[in-house]
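Hi,

Here is the structure I promised to pass on.

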Amino acid sequence: MVASPSLELPAEATVAERHEKAPAVGERIPVHSAVCFGCADLPHGLRLESWVTDDEAGAAAISSRMVLREEQQGAPGLLHGGLLTAAFDEVLGSVVALVTRPCVTARLETDFRAPMPIGSTLWLRGRVDGRLGRKLYVSGRAHLDAPDGPVVGTASALFLKVEMDHFLRNSRPEDLEALGVPAERIRAARA
Ligand SMILES: CCCCCCCC(=O)SCCNC(=O)CCNC(=O)[C@H](O)C(C)(C)COP(=O)(O)OP(=O)(O)OC[C@H]1O[C@@H](n2cnc3c(N)ncnc32)[C@H](O)[C@@H]1OP(=O)(O)O
């Protein structure tokens with residue numbers, strides 16, 4: 001499968017290693033926000049759990065787990081496809097965050113390779129394939145019911161490093177203030 005041109009790893013891209021302050025291989029990746037649809041323990045969320053994994057080329061890599069629940073159906077008894085894409089967004093965003101932050105998804109492409117029955121467990125892997133300036137090129141795959149089970153989906157994505165201003169300008173002020181960001185800093189970013 002050939003990725004769209006904008007997702008192809010440029011020849012000049014370098015290996016993207018974990019930041020020195022990132023969790024070590026084997027460690028659980030903490031929930032990055034108590035309200036995150038992807039990783040927080042919310043009734044309506046995906047409730048992904050992720051761990052840092054080893055990579056033979058020294059790149060940042062993670063493994064994640066997600067149990068498929070009744071309320072996540074698209075076709076009867078099968079996972080809604082958009083939720084696999086959402087899961088990849090979380091997994092790939094989390095592996096990028098081991099390298100640098102904050103970053104946002106610019107482009108995300110999912111290939112659906114086999115149906116995913118409700119009640120089964122997805123084991124997802126994410127890897128930062130390379131970095132070039134602000135651009136982080138990532139890929140992932142989803143296995144059914146075991147870390148090395150059948151591949152049911154694959155993904156490629158481009159994440160872009162952004163400044164904190166991205167959130168100061170775009171998030172709701174009340175959410176920023178709840179995180180302790182002073183109101184004057186929010187106003188200054190929007191002036
Ligand atoms: C731990 C955290 C886990 C979280 C997991 C969840 C992550 C998310 O879901 S983030 C939310 C979803 N994403 C967003 O809301 C982002 C919305 N988009 C934006 O804000 C902007 O379009 C943004 C920041 C991506 C890019 O804007 P900007 O910073 O102005 O970059 P811009 O100058 O347009 O482009 C920079 C480069 O990237 C390229 N680029 C930008 N967008 C794309 C794209 N969609 N596809 C391919 N290339 C792109 C440009 O071509 C340009 O390339 P070059 O430097 O070679 O000319």
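Below is what I found, going from the overall layout to single residues.

First, a caution: this is a predicted model. Please read everything that follows with that in mind.

**The overall picture**

The protein has 4 helices and 6 strands. Starting at the N terminus, the elements come in the order β-β-α-β-β-β-β-α-α-α. The C-alpha trace spans about 50 × 40 × 30 Å along its principal axes. How does the radius of gyration fit a compact globule? A compact globule with 191 residues would have a value near 16 Å, and the protein has 17 Å, so the two agree. Buried residues account for 29% of the 191 residues. If you look at contacts between residues at least 6 apart in sequence, 67% of them join residues at least 24 apart.

**The sheet**

The 6 strands make an open sheet, in the order E1-E2-E4-E5-E6-E3, and the pairing is antiparallel. Strand E1 (49-52) and E3 are the edge strands, and each pairs on one side only. From one strand to the next, the twist averages 20°. As a reminder, strands of a sheet pair through backbone hydrogen bonds, either parallel or antiparallel.

You can walk through part of the sheet pair by pair:

- Strand E2 (residues 61-67) is joined to strand E4 (residues 121-132) by 7 bridges, and the two run antiparallel. Here Arg65 has Trp123 in E4 as its bridge partner.
- E4 is joined to E5 by 10 bridges, again antiparallel. Gly126 stands opposite Gly140 in E5.
- Strand E5 (residues 135-144) is joined to E6 by 9 bridges, and these strands are antiparallel too. Lys135 has Leu160 in E6 as its bridge partner, while Ala142 stands opposite Gly153 in E6.

E5 and E6 form a hairpin with 6 residues between them.

Most residues other than glycine have a negative phi, and most peptide bonds are trans.

Asp145 lies in the loop between E5 and E6.

You will find Arg47 in the segment before E1. Arg47 is partly exposed, with 17 other C-beta atoms within 10 Å.

The other spot is a peptide bond: Arg101 and Pro102 are joined by a cis peptide bond, with omega about -5°. Pro102 is in the loop between H1 and E3.

**Around the ligand**

There are 16 residues around the ligand, and Ser6, Gly93, Ala97, Ala106 and Arg107 come nearest. The elements that give two or more residues to this shell are helix H1 (81-96), strand E3 (103-112) and strand E6 (151-161). By class, the shell is made up of 6 nonpolar, 6 polar and 4 charged residues.

Asp89 sits in helix H1. Is Asp89 buried or exposed? It has 20 other C-beta atoms within 10 Å, and 20 or more is the cut-off, so Asp89 is buried. Leaving aside neighbours within four places in sequence, Asp89 is in contact with Gly38, Thr105 and Leu108. For a sense of scale, take Asp89 and Ala189, which are 100 residues apart along the chain: their C-alpha atoms are separated by 27 Å.

**Where to start**

If you want a quick tour, begin with the open sheet and its order E1-E2-E4-E5-E6-E3.

Happy browsing!

Terms used
Residues are numbered from 1 along each chain as its sequence is written. This is a predicted model: local features need pLDDT of at least 70, side-chain atom pairs count only at pLDDT 80 or more; totals for chains, interfaces and linings use all residues. A residue is near a molecule or strand if its C-beta atom, placed from the backbone, lies within 6 Å of it. Ala, Val, Leu, Ile, Met, Phe, Trp, Tyr, Cys and Pro count as nonpolar, Asp, Glu, Lys and Arg as charged, and the others, Gly among them, as polar. A residue is buried if 20 or more other C-beta atoms lie within 10 Å of its own, exposed if 12 or fewer, and partly exposed in between; C-beta atoms are placed from the backbone. Two residues are in contact if their C-beta atoms, placed from the backbone, lie within 7 Å. Two strands pair if DSSP finds at least two bridges between them. Axes are lines fitted to C-alpha atoms, for helices over the stretch in contact, and angles run from 0 to 180 degrees between N-to-C directions. The radius of gyration is taken over C-alpha atoms; the globule rule is 2.2 Å times the number of residues to the power 0.38.
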